[in-house]
Amino acid sequence: CDCIETSITTTHSTSVQTVSKQQPSMDEETLITSTQTLLDAIASADYETYQQLVDPSLTSFEPEAVGYLVEGIGFHKYYFDLFGGNSDKPTQTNTTMVQPHVRILNETAAVVSYTRLIQKVENGIPSTTSSQETRVWQLVDGKLRN
């Protein structure tokens, strides 16, 4: 399975490290990690992280938009407001990105396409849904934005 699993590993060291602010790179690993971070933010209704990763002028076709082109983040914010930080969230979900494909277009733009698997349990019944997604990433003012 060509799946991306998210895990965080921390190590502690007694050595002093110098941290420099670097512009995000347009390499495959960074793009896949940024995409997974975005998917995790969506799944957990973390609007703050979502807002940091997407351009305010984004456009999208999505099942929730019933075939219409959606412009801007207002449409998406509705769902974050509906489920964000509140106990009425319908279910806990797990999101897995399968077979990601990265195409770097130039120094500031890339496309990531993948299949998104969403696992959830509702009323005691587990289910998995899938969707094919494509995200365009761009380096804007030193930040990677979708």
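Trainee: What is the volume of the largest pocket?

Mentor: The largest pocket has a volume of about 1,300 Å³. Of its 36 lining residues, I42, E62, E64, R116 and E133 are the closest to its centre. The general idea comes next. Rolling a probe the size of a water molecule over the atoms shows where empty space is left. Here a pocket is an open set of points on a 1 Å grid over the protein atoms alone, where a 1.4 Å probe fits, with protein on both sides within 12 Å along at least five of seven lines; lining residues have an atom within 4 Å of a point. Points are joined across faces, edges and corners, and the volume is the space filled by probe spheres set on them.

Trainee: What kind of model am I reading?

Mentor: This is a predicted model, with residues numbered from 1 along each chain as its sequence is written. Local features need pLDDT of at least 70, side-chain atom pairs count only at pLDDT 80 or more, totals for chains, interfaces and linings use all residues, and side-chain values use heavy atoms, without hydrogens or water.

Trainee: Which element gives the largest share of the pocket lining?

Mentor: Strand β6 does, with eight residues. At least two lining residues each come from α1, β2, α3 (74-83), β4 (93-106), β5 (109-122) and β6 (125-140). Helices (H or I, at least four residues) and strands (E, at least two) are DSSP runs, numbered from the N terminus.

Trainee: How many helices and strands does the protein have?

Mentor: There are three helices and seven strands. Read from the N terminus, their order is β-α-α-β-β-α-β-β-β-β.

Trainee: How do I read a helix? What span does α1 reach?

Mentor: An α-helix has 3.6 residues a turn, so residues three or four places apart point the same way. Now take α1, residues 28-43. Its 16 residues reach 23 Å from first C-alpha to last, close to the 22 Å expected. The expected span is 1.5 Å times one less than the number of residues. At the N-terminal end, D27 is the cap: one of its side-chain oxygens lies 3.1 Å from the backbone nitrogen of E29. Just after α1, A45 has a positive phi of about 60 degrees.

Trainee: Which residues of α1 are buried?

Mentor: They are L31, I32, S34, T35, Q36, L38, L39, A41 and A43. Buried means under 20% relative accessible area, exposed over 50%, and partly exposed in between (1.4 Å probe, protein chains only). Across the 146 residues of the protein, 29% count as buried. The protein exposes about 10,200 Å², and carbon and sulfur atoms supply 49% of that. These areas come from the Shrake-Rupley method with a 1.4 Å probe; for residues, only the protein chains shown count as cover.

Trainee: Where is D46, and what does D46 touch?

Mentor: D46 sits in the loop between α1 and α2 (47-53). Leaving out residues up to four places away in sequence, D46 touches A41 and F80. Contact means heavy atoms within 4.5 Å. D46 and F80 are 34 residues apart along the chain, yet their C-alpha atoms are separated by 7.3 Å. Over the protein, residues 24 or more positions apart account for 53% of the contacts with a separation of 6 or more.

Trainee: Why does S60 count as buried?

Mentor: S60 counts as buried because its relative accessibility is 13%. S60 belongs to strand β2 (residues 59-61). Its side chain makes polar contacts with two others: E62 at 3.1 Å and H76 at 3.5 Å. A polar contact is a pair of N or O atoms within 3.5 Å; within protein, one must be able to donate a hydrogen and the other to accept it, and residues adjacent in sequence count only if both atoms are side-chain atoms. Beyond four places in sequence, S60 touches Y68, L69, V70 and H76.

Trainee: Is L117 buried, partly exposed or exposed?

Mentor: L117 is partly exposed, at 27% relative accessible area. This residue lies in strand β5. Setting aside neighbours within four places, the contacts of L117 include N94, T95, V98 and T128.

Trainee: What is the phi of V66? And of Q99?

Mentor: V66 has a phi near 40 degrees, which is positive in a residue other than glycine. V66 lies in the loop between β2 and β3 (69-71) and counts as exposed at 64% relative accessibility. Q99 has a phi near 50 degrees, also a positive value in a residue other than glycine. Q99 lies in strand β4 and is exposed, with a relative accessible area of 54%.
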